[in-house]
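Dear colleague,

I am passing on a structure that you have not worked with before, and below it I have set out what was found. Please read the notes with the structure open beside you.

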Amino acid sequence: MMKTTKTWGLLLALLFATAVVAEAQQTRTEHDLLGDKEIPADAYYGVQTARALENFPVSGIKTNFYPDYVKAYAMVKLAAARANAEDGRLSQEKLGMIEKACQAVIDGKYHDYFLVDLYQGGAGTSANMNANEVIANIALEMGGYEKGRYDIIEPHDDLNMGQSTNDVYPTAIKVALLLHNDKLVAELEKLSKSFHAKGEEFKHILKMGRTEGQDAVPMTLGQEFHAFGNQLDAEIASLRDLEKYLYEQNMGATAIGTGITASPGYAEHCAEHLAKITGKPMFLSKDLIAATSSQQGFVMYSSALKSVAVTLSKISGDLIFLASGPRTGIFEINLPALQPGSSIMPGKVNPVMPELMNLVTFKVMGNDLTVTLAAHSGLLQLNAYEPVEAVAIMESQGLLFKTLPLFRTQCIDGITANEDVTTRYIERSVGIVTALNPVLGYDKTTELAKEALESGKGIIELIREKKLLTEEQIKKLLDPEALTGQKE
């Protein structure tokens, strides 16, 4: 009896496993130029996506790695569908189904099916078709139909109506960059605010300014940190200004800019709808052939990101220098200690956050070169290298966006000043002699500077020894606060 029960149990388990495997292996057949292909029955993508998954297993970084990029495709397809319906080419019934599908993707759903590797041949055709197929199948399912019922809604005829990869792909990239630019600017603004807050905190701490690594003239540590913030403010203004090059789009250009397969008025209507959907002042290029070939928008925006990176890297290097030490460096500031800095040297703590910021900025600068090379390498009416431009610029945005809050919260907000160090440098610096030029003349002050360097004495000490100035004159001419423009 026990053996029989065990046998039945094994049979049932086998039947269940067989059913599970059978269900997992269920497919639907789709057809394209190259023939039939079996697609997982539950997949929202279709045959052209499946081929791309086989052809381009390159980086492992898929379209859905950047959620704004997926949302951008849905926004572009939604604008196109509304324009086609407005022109009478797409039925209201189909429009309603497509609108629901696009909105679901914009809301963050179904992103798992945008699977094409960001590195792909074909100028982005696979990415465009991935979007067409997924949105079509979402629309079908929401309309009560099975996936793959392309007799109801077809990825090419309906989702790609009046379109080409050559207008959809660059437009989707631009929309994605615009969506993420707002987030990047917000993080830069927070970082700038942190620098300005430190500027206020340190505004009464006097220190020596330096040029070419040498003592120059007095300033306050607050002025130094406000300058960091103001440099970032200028970069923020540049990012906001240069995003305008992403507003121009070529929807309706189709293959090369002649508008073949697009209905009259479609391009204008699509631009209007896209502006409403994105909340950005998107507009139709006046020359669609030029817009389909030109990469100016990507080059200009990438240059703005490079400029941000250059400024962030300069600031990071300055912070590393100012915190150098603690015994044999500048050591005017302390960076937060985040982790032990060496596997062999006890007590060493490294400036890991400015170093991280530098790593990221170096990549952004390199990505800008990639964009430059790709932009000038396109042939005639199309640039087949737009995919690597998209990869480079979105990576730059993403890296900066992820690193900026770490830099701010784990470095800038926790910086403290070593006021005793800055005071000692002020008292001993030769640089303060510059203020004596109007009274003693350049030659005399140069002699004082030389003697101070040779003797190790301070400038003020020598002036008193030689009775070159009265105490009142010294107080008036060498008041460091007055020298920095901070006199209250």
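Two strands are said to pair if DSSP finds at least two bridges between them. Please keep in mind throughout that this is a predicted model.

With that in hand, strand E3, which covers residues 206-211, and strand E4, which covers residues 214-220, pair in the antiparallel sense over five bridges. Within this pair, Arg210 stands opposite Asp215 in E4, and in the hairpin that E3 and E4 make, with two residues between the strands, Glu212 takes a positive phi near 55°.

Strand E1 (residues 27-32) and strand E2 (residues 35-40) also pair in the antiparallel sense, in this case over six bridges. The bridge partner of Glu30 is Lys37 in E2, and two residues lie between E1 and E2 in the hairpin that they form.

Turning to the helices, H3 (residues 67-86) packs with H7 (residues 165-201) at an angle of about 125°, their axes being 8 Å apart. Angles of 65 to 115 degrees count as roughly perpendicular and those over 145 as roughly antiparallel, and H3 and H7 are therefore oblique to each other. The crossing of H3 and H7 is right-handed. On the side of H3 the contact is made by residues including Tyr69, Ala72, Tyr73 and Val76, while H7 contributes, among them, Val168, Ala172, Val175, Leu179 and Lys183. By class, this contact of H3 with H7 has twelve nonpolar, two polar and three charged residues.

With kind regards

Definitions and conventions. Residues numbered from 1 in each chain as written. Predicted model: local features only at pLDDT ≥ 70, side-chain atom pairs only at ≥ 80, totals over all residues. Heavy atoms only, no water. Axes fitted to C-alpha atoms, helices over the stretch in contact; angles between N-to-C directions. Helix = DSSP H or I, 4+ residues; strand = E, 2+ residues; numbered from the N terminus. Parallel < 35°, antiparallel > 145°, perpendicular 65-115°, else oblique. Left-handed = near helix turned anticlockwise from the far one by under 90°. Contact = heavy atoms within 4.5 Å. Nonpolar A, V, L, I, M, F, W, Y, C, P; charged D, E, K, R; others polar.
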